[in-house]
Every structure is written in structure tokens, then in C-alpha cells.
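Subject: A structure for you to look at

Hello,

Here is the structure I promised to pass on to you. Please have it open while you read the rest of this email.

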Amino acid sequence: MWDLLTWIDASPMAEEIRVSLWIFPALEIAHVAALALVLGSIARVDLRLVGLASRHRSISEISREMLPWTWVGFAFATLFGVLLFVGQPVRYVEIAFFDVKIILILLAGLNMLAFEYLTRRSVGRWDRAPTPPLQVRLAGGLSLAFWISVAICGRLIGFV
């Protein structure tokens with residue numbers, strides 16, 4: 001793995017990202033903006049899942065509205081995040097907050113998959129309930145916790 005990271009680190013693209021006065025800051029701004037879109041759109045869904053917002057609307061309706069924005073934001077956050085990583089891959093893998101951030105993203109993905117393939121099967125029984133069942137609230141709460149923690153770890157990476 002270190003050979004691959006060293007090869008990426010020595011690439012012309014990585015060098016350009018490191019030495020350019022504007023590329024790294026532009027990538028970072030784009031990454032943070034995309035993450036804000038991800039967090040904002042997920043928060044609307046998750047706050048409904050936990051029964052704290054939009055209790056008069058169905059969960060399915062809010063999901064249909066917000067999830068396209070979530071996926072667009074996630075795609076751009078991933079793209080710009082990978083480019084930031086390319087600029088200093090060896091450095092990033094040595095930062096614990098980076099490792100934790102990646103693990104949290106994976107956990108958020110697993111939480112989403114479990115919700116979609118297990119919990120959501122019974123959506124007809126709780127879609128319009130002001131306070132959904134415990135497993136629905138738990139999925140929403142975990143999602144919020146994971147994504148807020150991703151943002152915190154991302155911010156802390158810059159201080160190491």
C-alpha cells in the first residue's frame with residue numbers, strides 16, 4: 001500500500017495540488033460546500049426519522065425531495081475529497097482523524113443500507129407517524145451522529 005501512496009504522492013497531479021497557490025484551497029472550499037449539502041439534506045431526512053422535524057409530512061415525501069441532493073453532494077464531496085487526498089496521500093493516512101473519518105463514512109453507509117433493506121420494508125406502518133418506531137429513530141439518530149462526526153473529523157484533520 002505504501003508503494004501506491006508514494007507513487008500517488010510523486011505524481012504530477014499531486015505535485016500541482018501541493019504547489020499551486022489556489023488549487024488546494026479551491027478543492028477544500030468545494031469539498032466543504034459539497035459536504036454542507038450532504039449534511040443539510042441528510043439532516044432534513046434524519047430529523048424527520050427521529051421525529052423532531054416536519055412531523056406533519058411523510059418520511060417518504062421528505063426522502064424523495066432530499067435524497068437526490070444528498071447523492072449529488074456526496075458525489076462532489078467524494079470527488080473533491082479524493083483530489084485533496086491525492087495532494088498528500090502519505091500525510092493523510094498517518095492522521096488518525098482521517099482514518100476515523102473514513103470509518104465513519106463507511107458506518108454511515110452501512111447504517112443507510114440496513115435502514116433501506118431492513119427497516120424501510122415496513123414504511124407503510126410508520127411513514128406518517130409523528131414519532132416513528134424506535135428502530136427508525138435509531139437509524140436517523142445514528143446517521144446524524146455519523147455525519148456530524150465526519151464533519152468534525154474533517155475539520156480536525158486541518159489542525160494536525
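Below is what was found in it, from the overall fold down to a pair of side chains.

First, some ground rules. This is a predicted model, in which local features need pLDDT of at least 70 and side-chain atom pairs count only at pLDDT 80 or more, while totals for chains, interfaces and linings use all residues. Residues are numbered from 1 along each chain as its sequence is written, and side-chain values use heavy atoms, with hydrogens and water left out.

**The overall picture**

The protein chain has eight helices and zero strands; both are DSSP runs numbered from the N terminus, helices being H or I with at least four residues and strands E with at least two. Its C-alpha trace spans about 55 × 30 × 25 Å along the principal axes.

**Helix H4**

H4 covers residues 59–87, and its 29 residues should span 42 Å at 1.5 Å a residue (the expected span is 1.5 Å times one less than the number of residues). The C-alpha atoms at its ends are 40 Å apart, which agrees. H4 also has a kink of about 35° at Met66, shortly before the proline Pro68; the bend at a residue is the angle between axes fitted to the seven residues ending there and the seven starting there.

**How the helices pack**

Two packed helices are described by the angle between their axes and the distance between the axes. Here axes are lines fitted to C-alpha atoms, for helices over the stretch in contact, and angles run from 0 to 180 degrees between N-to-C directions.

- H3 (residues 23–49) packs against H4 at about 155°, with the axes 8 Å apart. The two are therefore roughly antiparallel (angles under 35 degrees count as roughly parallel, over 145 as roughly antiparallel, 65 to 115 as roughly perpendicular and the rest as oblique).
- H3 and H8 pack at about 160°, with their axes 8 Å apart, and are therefore roughly antiparallel to each other.
- H6 (residues 96–117) and H8 (residues 134–157) pack at about 160°, with their axes 9 Å apart. That makes H6 roughly antiparallel to H8.

**Salt bridges**

Side chains of opposite charge can pair when their charged atoms come close. The structure holds five salt bridges (a side-chain nitrogen of Lys or Arg within 4 Å of a carboxyl oxygen of Asp or Glu). One of them joins Arg18 to Glu15, with the closest N and O atoms 3.0 Å apart. Both residues lie in helix H2 (residues 12–19), three residues apart, about one turn of the helix.

Happy exploring!
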